[in-house]
Amino acid sequence: MSQTRATTDFAAEARAAGVRARRFGALYSAEHHVRVWRRYLGVNVASAIGTPVMYLFAFGVGLGVLVNANAGPGGVDGVSYLVFIAPALIATAAVTIASDEFTYPVMQGFKWNPIYVGMHAAPISARQVVDGVIIFVAVRIFATTLVYFLVMAAFGAVPLATGLLTVPIATLTGIAFGAPLFAYAAAQREDRGQFAVVQRVLVLPLTLFSGTLFPLEQLPVFLRPIGWISPLWHGAELGRVTSYAAERPVWMIAVHLVFLLALAIGGWRLTVRVTRKRLDA
Amino acid sequence: MTVIAASELVKRYGDFAAVDGISFEVAPGESFGLLGPNGAGKSTTMRMVGAVSTRTSGSLTVLGLDPDDYGPEIRSRLGVVPQQDNLDNELRVRENLLTYGRYFGLPRRLVAERADELLQFAQLADRAGAKVDELSGGMKRRLTIARALINDPRILLLDEPTTGLDPQARHILWDRLFRLKEQGTTLLLTTHYMDEAEQLCDRLVVVDHGRIMAEGSPASLIRSYSTREVLEVRFGSDRNADAAAALAGLGDRLEVLPDRVLVYADDGEAALAEVVARGLQPLTSLVRRSSLEDVFLRLTGRSLIE
């Protein structure tokens, strides 16, 4: 009798010990990634400030002079070229971070430096492993695009009040772009250079043909679908609506939002499924 | 009372049964070993007990809970030392303990205190700020063990804890594990080293092809499946088989290996005298006590390390 009770004591103790991990495991897993990220904080801050400044000079001042001269008094989409591209540059920064974080580091976490396996041996579930990565990347995108926004606001490229919304929009865009990539990366067992291919045949064209540096309508009709399926186009358009109140039909705004949310949630769920299968071997 | 109870445990990958009906029980404070060659199903069993691999069939409880339903709860009270270290190479030695402790939701201050104690225990206190890559194999292993202890676990799972380490590093590690055992930590370990099993296990099962071949304490297994002593005689590669024929009937049993003949006898010296009396002149001879290696050979007809 007393022996049976002792085994139930162990069980009770384990149930109590598991409560926090069940509830907050995703945050604990994200905390690990943030800790690693902090090691490179200096580099990150420098590049978060330096990159938008470079873009501003190259596109806003350099190319902008040419574009504004050609566009006439109406500007591009009713505003100066700099104001037109600023929300898109912020969204592009988000997509760049997402395509970095959701490729090689994922294979690393499963294989080369298998911290996902370590987390899963502790009380973190497969789903929380995935959630932790997504939370971390969202934090990273948010922090970086916030710096982008502040730099651009300082140059007058985005209005301070309404432009702030470009930051959460960019974060959503990054996750919408990255979550399906995460699912793909989680399914890869070997590195055969496929991530480099993804960068070139997926990320690059989606970046170039997403109506970031010019309105999508400038492209011939047969190239426009690339923009339609690109989260970056949807994110950039939403950013323009919030930043300088670009005139877009309400239904189109809804399409942008739904498209981004669907990709983010769909990609996330798929990644959880792939990861659960892979970690439970 | 048990902390681990497995009954007819099976794990299949397609048609292949990695674990094919294993049953065992482990009591609290006990040090229990799974001894067997590579590919015997030890690590798979370990992962099922560690609640990271769903069993195909059979029943399993760890700390009185079913891993299918209570994975995170069970893992909260386990310490896991996997066969391959999965330390984070991007973090420093002490940081590895801090991040791992946080997975369990332990308060930062408690984790920091324990991290310092465990670095002492693992004899790594002077390496707290080192990069993981700079550590030797033995140090990484000790760090992994320290990390596994950060949640003050009820059960410590060790999968091939000293494989790949040099003899000195192994002895340091055994000493640390023996201390844990003395403190009453339940150990479940797999190994294909008989000396490791003899040093650390109160009780063990010999596993081969996903099945249990025998169970007992190291001493009782040797008593049941081998003689007290073993005479090893070598006659040269070509002549071992011929010599074995002339040795028929000597001792309890003969085992002919490619490089030597093993004569199982309670009195090894007497057996050696008999060999000479039969007119044979071995190149070398050695009398030793029986080990788990002999038990394994008897049970499977194969050596543990091939």
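Helix H3 of chain B makes the greatest contribution to the lining of the largest cavity, giving four residues. The model is a predicted one, and a search of the whole structure finds one cavity of 30 Å³ or more. The volume of the largest cavity is about 50 Å³. Its lining draws on both chains, with A:His32, A:Ile115 and A:Gly118 joined by B:Asn86, B:Leu87, B:Asp88, B:Asn96, B:Thr99, B:Tyr100, B:Tyr103 and B:Arg147. Two or more lining residues come from helix H5 (115-121) of chain A and from helix H3 (93-103) of chain B. Sorted by class, the lining holds five polar, four nonpolar and two charged residues.

We turn next to the interface. The size of an interface is often given as the accessible area lost when the parts come together. Between chain A and chain B the buried area is about 3,600 Å², and carbon and sulfur atoms give 52% of this area. On the side of chain A, the three residues A:Phe10, A:Arg35 and A:Arg39 supply 17% of the area that this chain buries against chain B, more than any other three residues. The contact involves 38 residues of chain B and 36 residues of chain A.

Six salt bridges are found across the interface of chain A and chain B. In one of these, the side chain of A:Glu13 meets that of B:Arg77, with an N to O distance of 2.9 Å. B:Arg77 sits in the loop that runs between helix H2 (67-76) and strand E5 of chain B, and B:Arg77 counts as buried because its relative accessibility is 10%, under the 20% limit. Beyond its neighbours within four places in sequence, B:Arg77 has contacts that include A:Glu13, A:Ala14 and A:Ala17 in chain A, as well as B:Leu63, B:Asn151 and B:Asp152 in chain B. Another salt bridge pairs A:Glu31 with B:Arg108 at 3.2 Å, N to O. A:Glu31 belongs to helix H1 (residues 2-39) of chain A and B:Arg108 to helix H4 (residues 108-121) of chain B, so this pair joins two chains.

Over all chains, the search of the whole structure finds 32 salt bridges. Within chain B, B:Arg141 and B:Asp85 form one whose closest N and O atoms are 2.5 Å apart. B:Arg141 lies in helix H5 (residues 137-148) and B:Asp85 in the loop between E5 and H3, so the pair ties together parts of chain B that are 56 residues apart in sequence. B:Arg141 is buried, at 3% relative accessibility, while B:Asp85 is partly exposed, at 27%. A salt bridge also links B:Arg55 to B:Asp68, with 3.8 Å between the closest N and O atoms. Further along chain B, B:Glu232, B:Arg234, B:Asp259, B:Arg260, B:Arg288 and B:Asp294 are linked in a network of salt bridges.

Strand E5 (residues 78-81) of chain B contains B:Gly79, which is buried with a relative accessible area of 1%. Apart from neighbours within four places in sequence, B:Gly79 is in contact with B:Ala148, B:Pro153, B:Ile155, B:Leu156 and B:Leu157. B:Pro153 and B:Ile155 are also among the contacts of B:Arg77.

Terms used: Residues numbered from 1 in each chain as written. Chains lettered and ligands numbered in written order. Predicted model: local features only at pLDDT ≥ 70, side-chain atom pairs only at ≥ 80, totals over all residues. Heavy atoms only, no water. Buried < 20%, exposed > 50% of the residue type's maximum accessible area, 1.4 Å probe, protein only. Contact = heavy atoms within 4.5 Å. 1 Å grid on protein atoms, 1.4 Å probe; cavity = no way out; pocket = protein on both sides within 12 Å on 5 of 7 lines; lining within 4 Å. Points joined across faces, edges and corners; volume = space filled by probe spheres on them. Nonpolar A, V, L, I, M, F, W, Y, C, P; charged D, E, K, R; others polar. Buried area = accessible area lost by both parts, 1.4 Å probe. Salt bridge = Lys/Arg side-chain N within 4 Å of Asp/Glu carboxyl O.
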